[in-house]
Amino acid sequence: MPKFRRPSRAARVLVPGAVAAVLLTGCAQGSGGAASAAGTTPGGAGTAPAGASPTAGPSTTGSPVTVTPGPAGTVAPGTLLVTDFGSDTVTFVDPARGATGSVKVGTAPYGLAVGEDGRAWVATAEGVAVVDTASRERLALIPYRTDTGPVTTGEYRGGGMGIALSPDGRRAYVGVNVPGGNGALEVVDTAALKVTDTVPVGRRPFDVDVSRDGAEVYATDHDSFDVTVVTAGTLEPRRIEVAPYGTEGGLGSWLKPHYTAVRPSDGKLLLPFEGERLAVVDPETGRTTIEPMTANTHQHGATVTADGTLLTVGTGPIDPDADRGPSLTVRAPDGAERVHPLEGPHENVAVSRDGRTAYVTGGFTRDGYWDGLTVVDLDTGDTRRLPAGSRPLGIAVL
């Protein structure tokens, strides 16, 4: 995500008042996007060779893991699971005590989604890893159909990025990055543990989301300024451009979509930009309405709670002279915002089951990452740092 000179402050700040009536028309095409599962979040970053992309069937070899003593086959309520983008593991985290054990999954894991059966689906550079969160072992590593080149690490590595599960748990959808070109949405049969279909999407599918009824999948394509809407039944894709700042600068622009949250009340897509603009996309019509935001910081991870509260991670300023530092924005359904400052860059966010605590990963896809989480009390705004994993990006509450 190379730096691109932002528009002047006067040109990029929204006028205050009622919701801005900025409407953008989405254009359709045969390829475009990627997306993320409710209550989970993904992330990605750099380069370092690590071998060839697998082509064989799924590996079913278990992996060594350090586990703290506890009842066999159980997961303590509220346990967190994070993807370690800085290593080849996922880490289990007690929100009070920190890391309690890790499982090897594959190179540079990015996003994850956890099903009702307790299995976690992890997008790595090598394939989709399947982890039993109760026994804490890797059950399989499912290779991609898409040729992503040599397995590497870092921000621009090929392989899986965003990932989400269908509501019935029968399919996992993973956005696969192809360095230097358009990506793919791969469909995994979760019973057969294999990829059954691929759909062309846009460049670097940061995030994958699924509609509440499972009828559509949304791929958020960072480097092509779009979301690809994929009909689950037919796997027909259509592209919606989401570029509230325009597309000037192309691959060099910072002003691109990163993560999406699906609003529970109406199924519209919420994409935050720069702590200034919230793009609200109607996936049926392709129309985008822009609403003002207040954090004034470069934004990445996003999730939404059942009541429609949006939480968005601010990674820090693009222009330190004009922008604010890292933060967590908590946006109520009526648009009112609370902005909680954070220490240092972060990437993704998950919320506790009671809705009172947010967990923000410190992995970050660029320089400035750190090995832990920030725990935010959403009632008081108090924060504390918790060591957890190696450059943690994706996060889920088990």
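Author: Gladly! One definition to begin with: a charge sits over a ring if NZ of Lys or CZ of Arg is within 6 Å of the ring centre and within 35 degrees of the ring normal. Also keep in mind that this is a predicted model.

Reader: Thanks. How far is Arg136 from the ring centre of Phe92?

Author: Arg136 lies 4.0 Å from that centre, over the face of Phe92.

Reader: And which ring has the charged end of Arg277 over it?

Author: That is Tyr245, with the charged end of Arg277 sitting 4.2 Å from the ring centre.

Reader: Let's move to ring-ring contacts. How many aromatic pairs does the structure hold?

Author: There are 3 aromatic pairs. One of them is Phe85 with Tyr110, an edge-to-face pair with 5.9 Å between the centres and 80 degrees between the planes.

Reader: Where do Phe85 and Tyr110 lie in the chain?

Author: Both are in loops: Phe85 between strand 3 (80-84) and strand 4 (89-94), Tyr110 between strand 5 (98-104) and strand 6 (112-114). The two are 25 residues apart in sequence, so their pair ties those parts together.

Reader: Is Phe85 buried or exposed?

Author: Phe85 is buried, at 4% relative accessibility. Tyr110 is buried too, with a relative accessible area of 1%.

Reader: Why is the pair of Tyr110 and Phe206 called edge-to-face?

Author: Their planes are at 85 degrees, and planes over 60 degrees apart count as edge-to-face. The ring centres of Tyr110 and Phe206 are 6.2 Å apart. This pair links distant parts of the chain, since Phe206 belongs to strand 14 (residues 205-210) and is 96 residues from Tyr110.

Reader: What about the relative accessibility of Phe206?

Author: Phe206 is at 0%, so it counts as buried.

Reader: Which residues make up the aromatic cluster?

Author: Phe85, Tyr110, Phe206 and Tyr259 form one cluster.

Reader: Nice. Back to Arg277 for a moment: which residue stands opposite it in strand 21?

Author: Pro292 does. Strand 20 (residues 277-281) and strand 21 (residues 287-292) run antiparallel and are joined by 5 bridges.

Reader: What do strand 20 and strand 21 form?

Author: They form a hairpin, with 5 residues between the strands. In the turn, Gly286 has a positive phi of about 80 degrees.

Reader: How many bridges do strand 22 and strand 23 pair over?

Author: They pair over 5 bridges, in the antiparallel sense, with strand 23 covering residues 310-316. Among the partners, His298 is bridged to Gly316 in strand 23.

Reader: Last one: which residue of strand 27 stands opposite Ala350?

Author: Tyr359 stands opposite Ala350. Strand 26 and strand 27 (residues 357-361) pair over 3 bridges, in the antiparallel sense.

Terms used
Residues are numbered from 1 along each chain as its sequence is written. This is a predicted model: local features need pLDDT of at least 70, side-chain atom pairs count only at pLDDT 80 or more; totals for chains, interfaces and linings use all residues. Side-chain values use heavy atoms; hydrogens and water are left out. Rings of Phe, Tyr and Trp (its six-membered ring) pair if their centres lie within 6.5 Å; planes under 30 degrees apart count as stacked, over 60 as edge-to-face and the rest as tilted. Helices (H or I, at least four residues) and strands (E, at least two) are DSSP runs, numbered from the N terminus. Buried means under 20% relative accessible area, exposed over 50%, partly exposed in between (1.4 Å probe, protein chains only). Two strands pair if DSSP finds at least two bridges between them.
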